[in-house]
Amino acid sequence: MVRYIIRRLLGAIAVLFIVSLVTFGLFMVVPVMTGASPAYLYAGKNPTPELIANIEHGLGLDKPIPEQFYMYMKGIVAGRTDLTDGTADGSRPCPAPCFGYSFRYQSPVWDIIKDRFPVTLSITVGAAIIWLSVGIGVGVVSALRRGGFADRASMVFILLFLSLPSYLFAILLLYVFVYGLKWLPPTNYVPLTESPYKWFQALILAWITIGFGSAALYARLTRANMLETMSEDYIRTAVAKGLPRKTVVRKHAMRAALTPILTIAGLDIAFLLGGAIFVEKVFSLPGLGLLFVEAIPKQDLPVIMGLTIVSSLFIVVANIIVDVLYSAVDPRVRLS
Amino acid sequence: MAITRRATQFAALGAATALALAACGGGSGGGGGSAAPSTSASATPSGATGFNAAANSVVNASDKTGGTLKLGAQSDCDSYDPARTYYAYCWDIQRMFTRTLMAFKSAPGTEGTAVIPDMATGPGEANADKTQWTYHLQPGLKYSDGSAITTKDIKYGIERLFASDVINGGPSSYYTSLLSDTYKGPYADPTGDLTSVTTPDDTTIVFNLNKPFADFDYLMALPTSAPVPQAKDTKADYGKMPIASGPFMISSFQPGKSTEWVRNPNWDQATDKVRSPKVDKVSLVVITDPADADKRLLSGAIDTFADTGVQPETVAQIVADPTKKANSDNPATGFIRYDAVFQTVAPLDNVACRQAIFYAFNKAALLRINGGAFAGDIAGSMVPTLIPGYEADYDPYPNGADHTGDLAMAKQKLTECGQPNGFDLNYAYRNVGLGPKALASVTENLGRVGIKVHGIVASDPASYYSTFIGSPSNIVKLKLGLAGAGWGADFPTPYGFWQSIANSNAILPEGNSNYPSLKDATVDSTLAALTKENDPAKVADLGKTVSHAVMDAAVYLPFVLDKTFFYRNPRLTNIYLNGGVGNYYDYVNIGTSDGM
């Protein structure tokens, strides 16, 4: 097990290095090669070539590309002290993990990500609780009551939320509960530590939007997996041996049926941790997704690169966790 | 801006967006001091009310104090460092906590475009050729920490602008091009000095320019020239918590989320003839979804938008409701939308071919695309409404009573230029915002006279203005004929409006704003004359001369003068649109009738 985890971690580091390399190439090398230096965005009207060169120097864009990449990677791993901020020696400490300084916010990218991450984490955790509990619950009940009222009702639920565009659902929720019924105030995110009640108020509609939209998909997957598992020979054997139905379902059927769900859930959660772009925009929740949306038109390259790498990190780590958990959920799976 | 810094880059933000750079002019420079807008000495609101009332008068005039002004914005300020901000609304926000030697008068409409002394005792004292400007500080000026404001701080604020590797984003080139070619700024050259600026004592500052600049009082009214005490300069981080000299100071700032200001205990009304603050607190919340933002506005959760107008759907809702309409305004932003016509590419090197485009152009269609009557007015010439030299009836290329095109005249011009059957024309555009719609419209309306339009898309929309149409060599290489763009002046004078887009000495290899590479002797000489002229009547006349010469050259095809649509909470008092700050509401003077 330990060897497996070490191997996976080394693989993860390699993947992240490649992601960093590609990201760096896409965002830092290509624009400069095509003559679209980001320095123009910071130069005001009628920038002279000298001014552009001076700004590029400040951004470190005047260094050779391999050196820029080396410094970028060094910053992530060990921190940097070479970023210009106007001090006499031109240095500015940027402790690891240093993704550089945001052009837009004039702050270390990592500080901005740390500031925004709790919002995205809050959205993700709440939504995941909803979609996993509702999705799996509805799917299991639907499979066990196949053809019955509960199954038909769950089909309606699934169809409704799968066919309802999430952007429409979000806006409907906003209009009904905030501006129609006025049960909720306009969204103004407040940290959990500051006021759990206001935190809940700010997030509930986002949770419902993502939670129910995803729950429909999970219900469908769970139902299909449960139906397939319930028709397996070992389930029939367990029933024939006289095991209580509850035990058969919980200990044998669900365990096998939910293993694939675990994989999908792990990746979905990882994707969401990288930023729930649409929901954050509609509900004005200042998380990583909104940060990404703000950074793109501003060409805030350090932020875009930092977010891309951090999002990749979530997915890589989620993959490892899911693989490890696989063996715990389903003993038939061996880590090899 | 949304939202970027350059004026031209605001063009894609949609008709309802009012992020044009600080614009709209008409007032003369200098002039005596004037108090903040006069209000009745009563706590009961009075004065003008109704639709567009804030455009030319103070709505709900009242002396009632207290409460919180709740602003909303769809995007945060580009920076709170006065030297690094370029968004028009952020220049307006700066008025709340930053004072400058001069300032735009607190008055509605055109009156607000006049610059008056703020921290200075009077307007700048200029020498005969406008190359030396002297200002004296009022006594008793303090920062929010209680320390005294001196002219050394103003000089240091200017010196920071030369450190362009750190302090960038604002309109620093106005100052750096006038004051030194060699100075590297106080960070790279801490032992050096900007010798062209001297401070004989703590209350006197002298600027020695390397060329005449009659609009210098306007530069001293921009936040870019605000004082920064060297001891408090945190360089690139200064925008996180700049020291306040105005009546408010930042109490909390969460980038991209919200900002709050409270009253600055060390600001003294007796020293300030510009501002007359009423509320105790100002909050600004970033609301990223436009529909949600509009709902919050109409529900009263926020009082007004700081950065932009309401969405077109909300405009329809407001104008259908007389009560709501009475609390809204539809001002011009000072931003002109136009097509640059590239004379460097054949057959547009022939003026008659360019004029054919002017006559065939369907301006009415472009106005519709931009959002209709509430989003703008048809433009006959380039000059925005409040810039001196604006002529309401000046339209040298009339294209029909309904502005859909004068096809007969267009065909006549085509014959005149030797292309009776039309010609092929490349149209540069961005595949974002209104770009594709504008291409479709131009293709259709020029096709009526045989001009076949081919869209040439900028692969990177963000570099459209800097290296796509901002590069004269790229224009020739791609044989571009037309390009959509927009412009707003940084300060409301003819020179402020025209210099970057019309003077041949402003043409740059990249990042060029004189897109058609106009080289016109009359334009150049008149702009040179404007650098030495302060007489309002003469300035207006010279402005007209430039305007006519540019239109005669037929290189800028104006079609829409932008307007925006603001809604104001009925509880707001002392509210008006200040032409000096881009026709945004003058936040620093707004009060609330309920004191909440």
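**Note on chains A and B**

1. In chain A, take the contacts between residues at least 6 apart in sequence: 65% of them join residues at least 24 apart. Two residues are in contact if their C-beta atoms, placed from the backbone, lie within 7 Å.

2. This is a predicted model, where local features need pLDDT of at least 70, side-chain atom pairs count only at pLDDT 80 or more, and totals for chains, interfaces and linings use all residues. Residues are numbered from 1 along each chain as its sequence is written, while chains are lettered from A and ligands numbered from 1 in the order in which they are written.

3. Chain A has 12 helices and 0 strands. Helices (H or I, at least four residues) and strands (E, at least two) are DSSP runs, numbered from the N terminus. The C-alpha trace of chain A spans about 85 × 55 × 40 Å along its principal axes.

4. Chain A has 336 residues, and 42% count as buried. Buried means that 20 or more other C-beta atoms, placed from the backbone, lie within 10 Å of the residue's own.

5. Now helix H9 of chain B, residues 363–370. Its buried residues are B:Lys363, B:Ala365, B:Leu366, B:Leu367 and B:Asn370. They pack against strands E13 (332–341), E14 (376–378) and E18 (556–563), and against helix H11 (435–447), of chain B. Just after H9(B) comes B:Gly371, with a positive phi of about 125 degrees.

6. Finally, the contact between the chains. Chain B gives 46 residues and chain A gives 41. On the side of chain B that touches chain A, H5(B) gives the most, with 5 residues.

Definitions and conventions. Buried ≥ 20, exposed ≤ 12 C-beta atoms within 10 Å, placed from the backbone.
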